[in-house]
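Hi everyone, thanks for coming. Let's have a look at my structure together.

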Amino acid sequence: MELFELEQTGVRVKWSTVDQWARPGTVLSDAERVRADRFHFEQDRRRWVAARSALRHMLGDYTGDDPAALVFDVSEFGKPSIHGRSDVHFSLTHSHELIGLAMSRTGPVGLDCERIEPKIDVVSLSDEICSTAECDLIRSQGSHAAVFFQVWTRKEAVLKASGLGLSYAPKDLTVLPLDDGVPVCIEIRGHGTWRVCSIEAPAGYAAACCLGSQASRCWHGEDSSRLR
Ligand SMILES: CC(C)(COP(=O)(O)OP(=O)(O)OC[C@H]1O[C@@H](n2cnc3c(N)ncnc32)[C@H](O)[C@@H]1OP(=O)(O)O)[C@@H](O)C(=O)NCCC(=O)NCCS
């Protein structure tokens, strides 16, 4: 899925790097500064502060609100939202030096990126988090890391769009087939219908985006004008 096709759905995806947001986190709230100070490793702190600054600045641009004045609510499973702005949906992801943010006014969105780690033990990780069909596919493709991360990012994009996070077992989701540019429709009993697709990501990373079924209809060319 190309990003320009995704924009047909009304979703905007922005990629940036930690270095681009490495200036002191002047827009962070007091609570965010406290959370930042709890990181044990400086590198983790730096990455988290950068992602939080990126989130505030980009959402500020998107909504026209002051980035420092945004107040976030957090759902029981950890999904953040902007207090008093139920019209704005977003999903933040960060992996190593990459930060991604998806923003939408057309419904919930989930974005996930992961750096492709060529040396990870794909077989045991997929046994832990993948459905039987996904494990079979990954093995049939030579257990390549790129295939595994395509599956992983799709799962996390669904878990983020739905807000379920890891309260829902990733093994119970099947995000196949992996055909390029073709969103997969997933029904989660009691938690709606979702469409997830792999999207273009910076080199060395895998990424996926998930939308609620209404907004994602225009991935198939249906009625995109209504959603802009
Ligand atoms: C949300 C989650 C599913 C993904 O996290 P992740 O891929 O590790 O990290 P990402 O950077 O992509 O996303 C983190 C952001 O998602 C958002 N988020 C957290 N919980 C969320 C939820 N339930 N729904 C939607 N968004 C959520 C937050 O903005 C968070 O940012 P923060 O960490 O700076 O506060 C998380 O619950 C998690 O713990 N993942 C663990 C990784 C794992 O084992 N995955 C198994 C493979 S499916």
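Predicted model: local features only at pLDDT ≥ 70, side-chain atom pairs only at ≥ 80, totals over all residues.

I'll talk about the sheet, and then about the ligand.

Residues are numbered from 1 along each chain as its sequence is written.

Okay, the sheet. Strands pair through backbone hydrogen bonds, either parallel or antiparallel. Here we've got 3 strands in an open sheet, order 1-5-4, with antiparallel pairing. Strands are DSSP runs of E, at least two residues, helices are runs of H or I, at least four, and both are numbered from the N terminus. Two strands pair if DSSP finds at least two bridges between them. Strand 1 (11–17) and strand 4 sit at the edges with a single partner strand each, so one side of each has no neighbour in the sheet. Strand 4 and strand 5 (residues 98–104) share 7 bridges; for instance, phenylalanine 90 is partnered with methionine 103 in strand 5. Helix 3 packs on this sheet, touching strand 1, strand 4 and strand 5. Contact means C-beta atoms, placed from the backbone, within 7 Å.

Now, how many residues surround the ligand? It's 21, and the closest are Gly78, Lys79, Thr93, Gly165 and Pro170. To be near, a residue needs its C-beta atom, placed from the backbone, within 6 Å of the molecule. Helix 3 (42–63), strand 4 (89–95) and helix 6 (145–161) each give the shell at least two residues, and helix 6 has the largest share, with 5.

Notes
Contact = placed C-beta atoms within 7 Å. Axes fitted to C-alpha atoms, helices over the stretch in contact; angles between N-to-C directions.
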